[in-house]
Amino acid sequence: MLCCLNPDCPNPLNPDGIHYCQSCSTPLVQLLRGHYRVTNVLSDEGGFGKTYLAEDVDKLNELCVVKQLAPKIQGTWAVKKAIESFQQEAQRLQELGKHQQIPTLLAYFEEEHYLYLVQEFIDGQNLLRELQQRGVYSEIAIRKLLLNLLPVLQFIHEHGVIHRDIKPPNIMRRAPFYQPNQQKIKNFSSLLGAIEGELVLIDFGASKQLSETVKTKPGTTIGTRGYSPLEQMQDGEAHPASDLFSLGATCFHLMTGVAPSGLWTENGYSWVTSWRQYIKSPISHSLGKIIDKLLKKDIRERYQSANEVLQDLSGHLSVPPSSSQSSLLQRGLLLGTTLLFLGFGGIWYAKDSPLLNPLAENQSSPLKTLNGHSNLVTAVAVSGNSQSVMLASSSFDTTVKLWNLVTKKEIATLEAYAASVHSVAISPDGQIVASGNGDNTIKLWNPLTKKEIRTLYGHSSSVEVVTISPDNKILASGSFDGTIKLWELATGKEIATLKEHTSSVKSFAFTSSPQGFGQTLASGSEDSTIKLWNLKNQQVIITLKGHSEPVRSVAISPISPNLEFGGILASSSADDTIKLWNLSTGEEIYTFEGHEHPVNSVAFTSDGKTLASGSSDHTIKLWDIKTKREIRTFKSLSKEVTSVAFSPDNKTLIAGSADGSINIWEVKL
């Protein structure tokens with residue numbers, strides 16, 4: 001069949017081989033833009049155009065979705081907003097569509113006075129239809145949904161996007177055991193998604209770029225009544241917490257079968273305080289508290305980030321007791337069973353091999369990929385010498401893993417239990433491993449005995465970064481609460497709290513002085529500044545300003561020829577740039593531009609001559625500090641690069657990724 005692209009056609013389906021629509025006599029487009037064969041209508045967008053199913057004849061008739069914009073609404077402003085929304089959806093998919101749970105943008109173009117957006121076809125059904133077919137969700141199913149979707153929301157919010165219309169029709173579940181083109185099973189999460197049917201967030205037409213606040217034109221709202229929070233419906237404002245309200249309303253709908261839109265029409269927002277009366281089966285107290293906080297009418301009382309929800313969820317992974325074997329299996333899947341992990345381990349590794357990835361033909365491949373984490377790798381740290389090098393990696397999967405970098409084998413897994421792990425550090429002497437955790441704590445371990453030494457308490461929010469001074473005496477921790485704490489490493493005693501940053505502290509680097517080690521600390525923050533601290537008097541020496549977006553990482557060069565003591569500081573930012581600073585003067589030396597997305601991590605070689613940068617654009621770049629030129633680009637075969645570090649001999653580069661893998665690259669400088 002061939003579909004007529006006249007949006008007003010009452011019967012657009014036509015048999016093959018004809019050139020004019022049998023219903024409206026419009027000339028039929030055999031191949032839209034030369035290679036999309038439109039075969040059916042998926043939905044009518046109510047005066048804005050239609051959504052079609054199509055085949056890409058250049059890709060062996062691979063299915064795709066074609067969205068057409070043909071607005072019939074009246075008024076210049078209304079048409080302009082419709083076009084802006086359509087363009088915005090294309091732009092968001094371009095920015096975010098590399099995530100496996102967001103549709104990939106395939107094309108965006110104008111043809112015959114209509115705008116078209118072509119995106120990945122999701123083989124499956126939306127959650128509203130699933131609810132209608134299978135009935136209300138159990139607590140296990142709701143927990144799985146949250147664990148599956150919250151990392152996606154964290155991802156889009158970190159990329160500065162608010163969805164603004166999360167609801168069951170805008171969440172698709174892929175058909176079980178899906179194998180779309182170029183889709184690889186990279187980790188346990190994606191393996192589980194392939195088995196059960198991975199959730200995909202769709203329809204970014206209402207999404208907005210996030211600054212401090214998103215506001216629509218006065219008198220207008222974007223979203224869906226019942227699913228959208230008060231600040232969005234009443235004031236046109238949207239924040240990350242606004243998406244979390246919508247997620248809570250979605251969970252309520254799926255648990256009860258009661259649409260929030262109907263309750264909103266009858267009672268406004270009063271239903272959010274009495275939602276439990278609609279529950280048909282008892283739920284645990286812990287899940288009830290999470291839904292309560294998601295549905296807070298006052299945004300200040302609501303969860304502020306997806307990660308906060310994940311922290312509470314990971315702290316209460318128990319599920320209601322059941323005697324059925326199927327329930328036991330579901331609980332095993334939810335918690336990440338060893339049986340599945342081992343049973344599919346060989347397949348998982350083979351699927352992830354760059355040799356099987358056709359995109360890798362003209363790209364350098366990693367020397368080795370370490371698979372073990374089941375969620376995003378937040379940080380990597382290295383300690384040792386060429387004979388014995390220990391690598392530590394931290395992850396949102398609540399663990400720290402220790403690896404022998406020489407043999408590329410896992411040594412141990414250190415479990416943080418109730419918290420995702422945001423950062424990891426190894427003392428220079430290799431005697432202590434420290435982790436910064438989502439439950440506001442710092443844990444110290446002995447890497448030889450694999451035993452926990454102690455837990456440090458004091459921060460009021462998640463600990464985003466930890467580092468240890470070169471003399472093994474001071475531990476520095478930075479938190480989402482904007483504070484920095486200094487601790488005696490040997491005793492765990494708190495030395496000082498530093499409070500100059502106005503937002504989350506994300507990165508640290510110690511420098512040394514002729515009088516001793518660890519006298520100066522550099523801190524990078526979400527407030528887009530870098531501060532240099534004198535640790536003797538706990539005062540700010542200087543504040544470095546230049547980045548236009550949050551600072552993600554800082555590193556200090558061990559050796560810096562032609563400069564006074566203090567050397568070079570490198571900083572990376574969500575503004576896609578890397579800056580070099582003279583630590584003696586605070587002056588900006590140079591700005592590297594080359595990454596297309598936020599630069600999440602930077603690291604110097606031990607001789608200070610080369611800088612590595614890892615980015616959300618899936619690349620790692622090496623830069624020559626002296627010539628200010630790019631030396632080489634490594635293309636990650638997995639997800640966004642979250643962290644980078646060099647081995648002590650500078651021969652290998654270690655990179656943590658958002659898919660849970662750690663890639664080790666051979667470096668030839």
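Reader: Which backbone oxygen does the side chain of Arg-454 reach?

Author: The backbone oxygen of Ala-490, at 3.3 Å. Keep in mind that this is a predicted model.

Reader: Where is Arg-454 placed?

Author: Arg-454 is in strand 23, residues 451-456.

Reader: Is Arg-454 buried, partly exposed or exposed?

Author: Partly exposed. Its relative accessibility is 26%. Buried would need a value under 20%, and exposed one over 50%.

Reader: How far apart are the C-alpha atoms of Arg-454 and Ile-442?

Author: They are separated by 8.5 Å. Along the chain, the two residues are twelve apart.

Reader: Ile-442 again. Which contacts does Ser-477 have, beyond four places in sequence?

Author: Ile-442 is one of them. The list also includes His-459, Val-463, Val-465, Val-466 and Phe-508. Thr-483, Ile-484, Lys-485 and Trp-487 are in contact with Ser-477 too.

Reader: Which of its partners does the Ser-477 side chain join by a polar contact?

Author: Trp-487. The polar contact runs between the two side chains and spans 2.9 Å.

Reader: And where does Ser-477 sit, and is it buried or exposed?

Author: Ser-477 belongs to strand 25, residues 474-479. Its relative accessibility is 0%, so Ser-477 counts as buried.

Reader: Let's zoom out. How many helices and strands does the protein chain have?

Author: Twelve helices and 42 strands.

Reader: What share of the residues is buried?

Author: Buried residues make up 56% of the 669 in the protein chain.

Reader: And how many of the contacts join residues at least 24 apart?

Author: 52%, among contacts between residues at least 6 apart in sequence.

Reader: Now the largest nonpolar core. Which residues touch the most other members?

Author: Leu-145, Leu-146, Leu-150 and Ile-156. The core has 47 residues.

Reader: Which elements give two or more residues to this core?

Author: Helix 2 (127-134), helix 3 (139-158), helix 6 (240-256), helix 8 (285-294) and helix 9 (306-314) do. So does strand 11 (199-201).

Reader: Which one gives the most?

Author: Helix 3, with ten residues.

Reader: Why call helix 6 largely enclosed?

Author: Because 17 of its 17 residues are buried. The rest of the structure does the enclosing.

Reader: How far does helix 6 reach?

Author: From first C-alpha to last, 25 Å. That is close to the 24 Å expected at 1.5 Å a residue.

Reader: What follows helix 6?

Author: Gly-257, whose phi is positive, near 80 degrees.

Reader: Which residues other than glycine have a positive phi?

Author: Arg-33 is one, at about 50 degrees. Lys-408 is another, near 65 degrees. Most residues other than glycine have a negative phi.

Reader: Where do I find Arg-33 and Lys-408?

Author: Both are in loops. Arg-33 is between strand 2 (13-14) and strand 3 (36-44). Lys-408 is between strand 18 (399-404) and strand 19 (409-415).

Reader: Is Arg-33 buried, partly exposed or exposed?

Author: Partly exposed, with a relative accessible area of 46%.

Reader: New topic, aromatics. How many aromatic pairs are there?

Author: Nine. One of them is Phe-252 with Tyr-278, and this pair is edge-to-face. The centres are 5.8 Å apart and the planes are at 85 degrees.

Reader: Which parts of the chain does that pair link?

Author: Distant ones. Phe-252 is in helix 6, and Tyr-278 is in the loop between helix 7 (260-267) and helix 8. They are 26 residues apart.

Reader: Are these two buried or exposed?

Author: Phe-252 is buried, at 0% relative accessibility. Tyr-278 is partly exposed, at 24%.

Reader: Which residues form an aromatic cluster?

Author: Tyr-36, Phe-109 and Tyr-116 form one.

Reader: Last one. What lies over the faces of Tyr-137 and Tyr-303?

Author: Arg-134 lies over Tyr-137, at 4.2 Å from the ring centre. Lys-293 lies over Tyr-303, at 4.7 Å from the ring centre.

Notes:
Residues numbered from 1 in each chain as written. Predicted model: local features only at pLDDT ≥ 70, side-chain atom pairs only at ≥ 80, totals over all residues. Heavy atoms only, no water. Core = buried A, V, L, I, M, F, W, Y, C linked by side-chain atoms within 4.5 Å. Buried < 20%, exposed > 50% of the residue type's maximum accessible area, 1.4 Å probe, protein only. Helix = DSSP H or I, 4+ residues; strand = E, 2+ residues; numbered from the N terminus. Phe/Tyr/Trp six-rings, centres within 6.5 Å; stacked < 30°, edge-to-face > 60°. Lys NZ or Arg CZ within 6 Å of the ring centre and 35° of its normal. Expected span 1.5 Å × (residues − 1). Polar contact = N/O pair within 3.5 Å; in protein donor to acceptor, adjacent residues only side chain to side chain. Contact = heavy atoms within 4.5 Å.
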